[in-house]
Amino acid sequence: MSAHVDTHTHDDHGHHHKETFVTKYIFSQDHKMIAKQYLITGLIMGIIGILMSLLMRMQIAWPEKPNVVFEALLGKWAPGGVMDADIYLALVTIHGTIMVFFVLTAGLSGTFSNLLIPLQIGARDMASGFLNMVSYWLFFLSSVIMVISLFVEAGPAAAGWTIYPPLSALPLAQGGSGAGMTLWLVSMAIFIASSLLGSLNYIVTVLNLRTKGMSMTRLPLTIWAFFITAVIGVVSFPVLLSAALLLIMDRSFGTSFFLSDIFIQGEVLHYQGGSPVLYEHLFWFLGHPEVYIVLLPALGITSEVIATNARKPIFGYRAMVASIIAIAFLSTIVWGHHMFISGMNPFLGSVFTFTTLLIAIPSAVKAFNYITTLWKGNLQLNPAMLFSIGLVSTFITGGLTGIILGDSALDINVHDTYFVVAHFHLVMGISALYGLFAGVYHWFPKMFGRMMNKNLGYIHFWVTAVCAYGVFFPMHFIGMAGLPRRYYTNSNFPLFDDTQNVQVLITIFALVAGLVQLVFLYNFISSIFYGKKTEQNPWRSNTLEWTAPIKHIHGNWEGEIPHVHRWAYDYSKPGHDEDFVPQNVPMKDGEEELQH
Amino acid sequence: MTGLLTLLILLGITIAIWQMVKIFDLAQANRDQSQIANDKDNSVNGYLMLAFLGFIYIITIISFALWGDLPLVSNSASAHGPDIDRLMIISMVVIFIVQTVTQFLLHYFAFKYKGEKGRKALFYADNDKLEFIWTIIPVITLAGLIMYGLFTWNDIMTINEEDDPIVIELYAQQFNWKARYAGEDNVLGKANVRLINLDNANILGLDESDPNAQDDIITTELHLPVGRPVLFKMRSQDVLHSAYMPHFRAQMNCVPGMITQFAFTPTVTTEEMRLNPEIYEKVRNINKIRNANSKKLQANGEEPLDRYEFDYLLLCNKICGKSHYNMQMKIIVETEEKYNEWLKEQKIFKNSLVQN
């Protein structure tokens, strides 16, 4: 079943091109360079997104007070240093958009799918280097447009990252629904094109370009995760594109797909017959799978990092693959749990409660399997390993509250409160960020040929880990006090006055967490130039990428691509001297391969 | 100018941190030391894992101690409220147990099996029986929760017309709420935003020719009689809003172009709730905070804050624009007599129109 690659044509390919600066660093078609481009663009967007969250946190903690930071950073949106209510909603919106799509989809999946798929399956490059390059540049273009949208006269999009119409459709309803929203939609349409090109490329590459011996059941779990993620993306992103296009039609060409019976600012609008609920269905048909598009690559990275650093096979490989597939399948039939109280038929609510709670089962299997992998291991607590263990921790804490939110009867009560904010930030935000960090620390030597400083990594992890819980654990409790999210200030509700000190506490944790990311940035940038040179296989890992030369070459391996003889998790296997056996090491006489 | 100054200060702080990190970095003996975890790193971080487990437990305990009154789980004021609260408590207990145990295993293993040079890990790749067990346990637990949840959901969402509920429309617009009572006939008059006529004060777009509309009553406060089922019909004139009544465990979106609904029976009057010892204590605490804040305000020559008194509230809980954060309506639950008295004082629609 494994595909054999005709290596000769590719070998020739590697030696013939004369690379210029432009083809090597800018319009590169090499997956390793494209991975770096994704990572650096993602990090820059991440800085913007995190900064926005800190501005929001300061506003919530110290509302309506002049703040020099606001005055400096927000300009006309903070006259006299007091933040404008519209710009608060814009920050909510753009923070969500940037973090979900630009950092955790493109920055995470884009980086590591590109870097690892060819290297770990033993391919010279992606199936189409050209499409891969186009994919990155579309992503770059959409990032630029999203950033430009921050500077339009009437303000950026401010209807929440879900941009529900009619709020997002009517400039009369909100300043941000003018040019800012147009740019948002254009940016997202381009982003989706980028994501689809990337995903198709990943799928084709995994299916067709595996080296000799690399059967699907010998694939590392990273590749399984990237592969299934790409499939979810191809299934669900086009639906968001259709929603965006229909919304553009409603906004600019007078159609009524999502609008009906609207009276605003003293006039009746012509729209008739559409339904905002239709938009919600279309949006969440992507929106929910998107959670797993963000999360599965992080879990894939974690599987690899935990197995390598525990010096143990990942426990229950087949169950892990099965649960990835189960999560992917279920993720496409649970979107309605975002809409229990949207006005859709309550019977549908029952169905979606059922499917939603089912998704807890494969998730639980994954969590237990990670824990069992640690059991009786020989844990090498490198920074990447710490972030992976941290991921399992936040994945459990955040995932468990999903049992409350997925239950329609309970959702009535906590829907759109801070409880939801705490839940999804832990389970997908922090977990996926940890996955990103784990990936960066683990594969930095592969990307840049140098090592990151471990002590700075430790500081980065421990401060971040304490602050992440410090921010989001108490947040569940203000949610349980019934405090709605997306309020510019809570001072109009004396009812919530006793939650204000919690808000201040949360903001302090958030500011410290924000500051400590500078340690990471410093470590990242300085290590690119001055980090200790890496050895061939620093983590003594089994996967194929560590057999490729440290210095990046076009085509990945000199000469023939290594053949694969075993799965990726022969760590501490009895009968071998070393505690790892790379995938390209042939089976010894009489050695048994596990039945996978 | 202050802006520039702030930017400079921020820049200064950033550079300072950068430099500190750099010094720390340089202080790490020499740059060429291995960047791979050694036994010492494993040991230090292993103990930190244990400490972190303690941190998770402590933050849990502190959170429950300080903010454990959980207003969304206690003192509900509707007939179905206790059902939701019970389900919530059961779910939280399940979550709490799983969280405590799994976090313990995760962090304890991370500590216990921290790496040592020369030790070999156990080659242990599979155990169908174990995996079966931890698949089946969540299945059973979730099956129970799903069943319980669905029964509760059905009870709440099924509207029994035989209970003869009072019909009230909740009408949302940027950025306030209106309530429309059906009047004597308990039938809401037909309405559509296209019929809104601001000139004669037909602000909700009622059909002026509909006989059912004539006795409708439009108010800016929501009064409810205790113990009577109420059926809310929600409407919005502009964007999505959400009618959130946390004390009654009730919420439903208001969607332009369609009518949504939600029903509940209020069981505790506003007066009774104010006398509830827990609510009384909560209000006292809030007023303490408000007094402290007032003092600060007065020191700056500003107006002090009003004293807080408990009231049920209807909040907007779906992002709806600039003043979303201040879209609210007071809810007053009272005895049926008081309710009827109040209702009689209100103008009926027919008489509220301005004749030109």
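Me: pLDDT is the predictor's confidence in each residue, on a scale from 0 to 100; over which residues of chain A does pLDDT stay under 50?

Reply: This is a predicted model, in which local features need pLDDT of at least 70 and side-chain atom pairs count only at pLDDT 80 or more, while totals for chains, interfaces and linings use all residues. Residues are numbered from 1 along each chain as its sequence is written, and chains are lettered from A and ligands numbered from 1 in the order in which they are written. The stretch in question is residues 1-15 of chain A, for which the model has 24 contacts beyond four places in sequence, a contact being two residues whose C-beta atoms, placed from the backbone, lie within 7 Å. Where pLDDT is low, the predicted coordinates should not be read in detail.

Me: Why is chain A called as compact as a globular protein of its length?

Reply: Chain A comprises 17 helices and 2 strands, these being DSSP runs numbered from the N terminus (helices are H or I of at least four residues, strands are E of at least two). Its radius of gyration is 24 Å, close to the 25 Å that the globule rule gives for 596 residues, so the description applies. The radius is taken over C-alpha atoms, and the rule is 2.2 Å times the number of residues to the power 0.38.

Me: Why is Glu535(A) called partly exposed?

Reply: A residue is buried if 20 or more other C-beta atoms (placed from the backbone) lie within 10 Å of its own, exposed if 12 or fewer, and partly exposed in between. Glu535(A) has 14 such atoms within 10 Å, and is therefore partly exposed. Its place is in the segment after α17 (500-530) of chain A. Across the whole chains, buried residues make up 64% of the 596 residues in chain A, and 36% of the 356 residues of chain B.

Me: How many residues of chain B are in contact with chain A, and what classes make up that side?

Reply: By the contact criterion, 109 residues of chain B touch 118 residues of chain A. Within that side of chain B, α4(B) supplies the largest share, 14 residues. By class, the side has 61 nonpolar, 32 polar and 16 charged residues, where Ala, Val, Leu, Ile, Met, Phe, Trp, Tyr, Cys and Pro count as nonpolar, Asp, Glu, Lys and Arg as charged, and the others, Gly among them, as polar.

Me: What makes β9(B) and β10(B) a pair?

Reply: Two strands pair if DSSP finds at least two bridges between them, and β9(B) and β10(B) have 4 bridges, in the antiparallel sense. Leu315(B), for instance, has Gln328(B) in β10(B) as its bridge partner. Strand β4 (residues 222-225) of chain B is likewise joined to β10(B) by 4 bridges, and these two run parallel, with Leu222(B) opposite Ile331(B). Ile331(B) belongs to the covered face of β10(B), together with Met329(B) and Val333(B), whereas Gln328(B) lies on the uncovered one with Lys330(B), Ile332(B) and Glu334(B).
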